[in-house]
Amino acid sequence: MIKYSKSHEWVKKEGEIGVIGITDYAQDQLGDIVYVELPEAGNEINKGEMLCTVESVKAASDIYSPVTCEITEVNEDLEDSPEIINEDAEGKGWICKVKLSDESELDKLMNKEEYDEFYEKEG
Amino acid sequence: MTIFEKSRKNRTGYSLPDEDSLEVQIEKAIPEELLRSKDPSLPESSETEVVRHYNNLSKKNFSVDSGFYPLGSCTMKYNPRINESIASLPGFTELHPYQPEKTFKGALELMYDLKKLLSEITGMKSFTLQPAAGAHGELTGMLIIKKYFRSKGEKRNKVIIPDSAHGTNPASAKMVGFDVVEIKSNDNGIVDLEDLKKQIDEDVAGIMLTNPNTLGLFEKDICKITEIAHEKGALMYYDGANLNAIMGKVKPGDMGFDIIHLNLHKTFSTPHGMGGPGSGPVGVAEFLKDYLPVPIVDLDNEKGYYLKWNLNNSIGRVRSFFGNFNVLVKAYSYILMMGKDGLRLASEMAVLNANYLRKKLSTMIPTAFPGICKHEAVFDGSVLVDDYNVKTIDLAKKLLDYNVHPPTIYFPLIVNEALMIEPSETESKENIDNYISIIKEILVEARNDPEKLKKAPYTTPVRRLDEVTASRSPVVSYRQETEG
Amino acid sequence: MSNNPYIPHSKKEIKEMLTEIGVNSIDELYNDVPNRLDSDLDIPEASDEFSLRRKLKHLSELNSSLDDYAVFRGAGVYKHLIPAAVNSLASRGEFLTAYTPYQAEVSQGTLQMLFEFQTMITELTGMDIANSSMYDGASATAEAALMAARITKKEDVLVASSLHPEYIEVLKTYCFGADLNVIPVKYSADSGNLDFEDLKEKISENTATLILGYPNFFGIVEHLVKIKELLPKKVLLIAVINPIALGLLEAPGKLGADIVVGEGQPLGNPMNLGGPGLGLFATREKYIRKTPGRLIGQTKDLDGKTGYAMILQTREQHIRREKATSNICSNHSFNALLASIYMSLMGKNGIKEIATRCLKKSHYLYEKLLKIEGISPVFDGPFFHEFVLRINKDKTIEEINEKMLEEKILGPLSLERFFPNMENCALFCTTEAVNNDDITFLAGKLEEIL
């Protein structure tokens, strides 16, 4: 199941690990992504802290971690092909895989319907 | 075509004095492993080709000399030719920074006098002419603030900056290790005093303000703001980017500012030179004068004009030698040419032009905030999106087809689809009228065929560029396939 | 209205404009301004351009223009021969009065020029990429140190004591701001090269970078490869170059330098009392997004035509604000233009020819001066076009230079000013701008004075 944050990140629980990325809505708002400054594997990060930066031509957007976690793997394909996020933000455009510190945090995030409603109101 | 592609083996564009070769063996002077293994592939061209190449490049540039260039916050006023003529005198250009001081007394006098003039215009006690640009001046100012509180044993770590400020302000504060605290602008586009009172405390080292601010509005509560800052022991920093509205009308020193930087390449007419060199002198109040970078040009009854090296609390140097001297000469020339009445007139006509343009354009594109502006006016381009189905950028690009320069766009960040227009005093009423007519025409075009506008410009040396690919896979130098 | 040639408004127009705005006077436009001045500024009345030129020409003549001097002094600013085409082309208004190329479609002249400039600097330095310039060599050096600290996340900046003293001062100022430590590394009293033993002692796990001159302030050419070998893998090597020297010396990019900075003034720029300078900045491709300053990239337009644009602007302050790689928001484009035209005229052979002349003349002078009684060598390391000699006589270097000035010679720089322990030591410099006859004359004159 995918859960969504108000700062437009998603997190998906796959067995023991979590996968994090930015939402399709977020990539659409950013426009053509030209660079992703990936986080470093091994880093521990609190919910709401800056995870990495995604850049379009005229903007650099900070991406925040939707959960408290330890980063175990980053999507290195994004280094050479950041456009993958534009093409498939909630699939192949994942940013990192993590070890969740507190699974109960997921409960506080939005589900798909709630998120859709949220961004439509925001937009 | 690049100059590298025009290159032909062994062509040269220089001639040197014909001298006997001296009997020195390079290999004996420098060990072989330190000598170049491959010559640098610089282009090889005759002087004719070089002249044509750069001459043709120049034709692909828009400049103040080409036409109306109302770029907001950049003060693209006309750059008088007399400044160039004076700055190119060999008695100013052919000077070495380490030649004996007594052999450049004229240069010292010029710098001293320029400092005095800038002090009089701004109401600050003392100036350094060392910083090379506005942002460099900001850095200097922030270093002074840091050093000042260090020497007082205070650990203040925050700098307050309005959300309408230039990006250089937070970047400069950060370079010196300050945390940036942003304060909001209120509904009238000026600093929200209540928010300021909430944010300020004893950890605040300084407040950086631009006044008139980047919305072109004068912070009418400025004296209150400086009072609030000073009560908490914080210093007031004036970003002089917009001084062009107030010369001879009011002095930043009289508003209560402690530190100020100026942009000689804006207000004082030195040419922008495609981005630089500029010059960013920093002025300070009496109690900060010993914190300025060294050396300082001073005047002594016996020694005459001289370089002073011992300032007790100096932050040290921010660059080599004495600053962008060549630029200083041009600014000095400008001030003397204009005189006291001329400078005041420049400010008044800059403000008149901006308000005239504001009034006339606002019937088509609303201003971002109500009321009289100063040297520049900011418009909210939302109407372009809502009523015309185009964006500010499309209007800007279409202006290029009319051979005028677009405004600054998408800045300040707090205004949607912002257009920031600064005509400057050197433009005539008919130039402004013409600009308004062009925009009117473009809006008609937008109404008729928005899709066409989205692909403008059509008549420029190149059309819209693919910046996405350029940023994804940067190509920042010409790759030479084979030996040129 | 006064007769101001730059402000076109007639009284009638002003009145019409005020009416359009809906106010009665200019003063009303300033109603919201407190503490307004009630008297004129205390500055002179306006001038006309002819009187002004006469006045300032007189002021300029209080300076000794080095135009007709033989200059044997360098130390960071160099008198070279500059072809007439350089200034003639650069002073075109389309270059001089354009702003930063924000609107790429009407700034292709600037952008292509800077792209070519970047290429020429990468060629000279042997680095992957170069930016479109910084303020001057000293601030470029300081920015390089900050970049190295960002990359390595370390706080100690090692700097060779033989780097230009003013560069070290600027470095200290910037590092005070960024809370980094500047740690000097000694030079060998014998060779003038970096003291390897001292370097080994100063390296620690906190070391971010080592900065050194190539050639150093004494003119001596450092052995970058050997130095790089002594550095831990993650420590970045910053070489501060003289671009003319790179006509002969191996490109630092081939010798392990990670960042190359320097003062570009020797490339076609007048001395101008030391400013404006031209900060050169080059580095490895992998650091491109960590690099401060403007970068120009090549791309295509809508019609598929090649064009140029400012790229990677998300590094810069106008987008990233306090998270930018630097606060710098301009460059010295105009000085980069002078350098580009100069390098285009000189070309591959010219830059080598100039470097060769500089080197030969200075070595010739060195040998000649050593034959004079009382003059002795100070360092034995290899030098390019500057060298240090000790003059053990009852006359100080200042006194000697005083006499030289009378002969329209700007003699060597007394080093005591920067290095109190180097009494009677003088830094000589010889470029192609001094004739062989000047060299003979200098040597003769020096012998006579001593």
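Two residues are in contact if their C-beta atoms, placed from the backbone, lie within 7 Å. The model discussed here is predicted.

Q: How many residues does the contact take from chain A and from chain C?
A: On the chain A side, the residues that touch chain C include 3 nonpolar and 2 charged ones, with no polar residue. The contact takes from chain A and from chain C, in that order, 5 and 5 residues.

Q: Which element gives the most to the side of chain B that touches chain C?
A: The contact takes 171 residues from chain B and 164 residues from chain C. By class, the chain B side has 88 nonpolar, 47 polar and 36 charged residues. With 23 residues, the element that gives the most to this side is helix 11 (residues 325–361) of chain B.

Q: Is the crossing of helix 11 of chain B and helix 1 of chain C left-handed or right-handed?
A: In helix 11 of chain B, B:L352, B:N355, B:Y356, B:K359 and B:K360 meet C:I14, C:M17, C:E20 and C:I21 of helix 1 of chain C. The residues of this contact divide into 5 nonpolar, 1 polar and 3 charged. The crossing of the two helices is left-handed.

Q: Which are the edge strands of the open sheet in chain A?
A: The open sheet is formed by 3 strands of chain A in the order 4-6-7, with antiparallel pairing. Neighbouring strands are turned by 25 degrees against each other on average, direction ignored. Pairing on one side only marks the edge strands, strand 4 (33–37) and strand 7 (60–64) of chain A.

Q: What is the radius of gyration of chain A?
A: Chain A has 4 helices and 9 strands, which run β-β-β-α-β-β-β-β-β-α-α-β-α from the N terminus on. For 123 residues the globule rule gives 14 Å, and the value for chain A is close to that, so chain A is as compact as a globular protein of that length. The radius of gyration of chain A is 13 Å.

Technical notes. Residues numbered from 1 in each chain as written. Chains lettered and ligands numbered in written order. Predicted model: local features only at pLDDT ≥ 70, side-chain atom pairs only at ≥ 80, totals over all residues. Nonpolar A, V, L, I, M, F, W, Y, C, P; charged D, E, K, R; others polar. Left-handed = near helix turned anticlockwise from the far one by under 90°. Pairing = 2+ DSSP bridges. Axes fitted to C-alpha atoms, helices over the stretch in contact; angles between N-to-C directions. Rg over C-alpha atoms; globule rule 2.2 N^0.38 Å.
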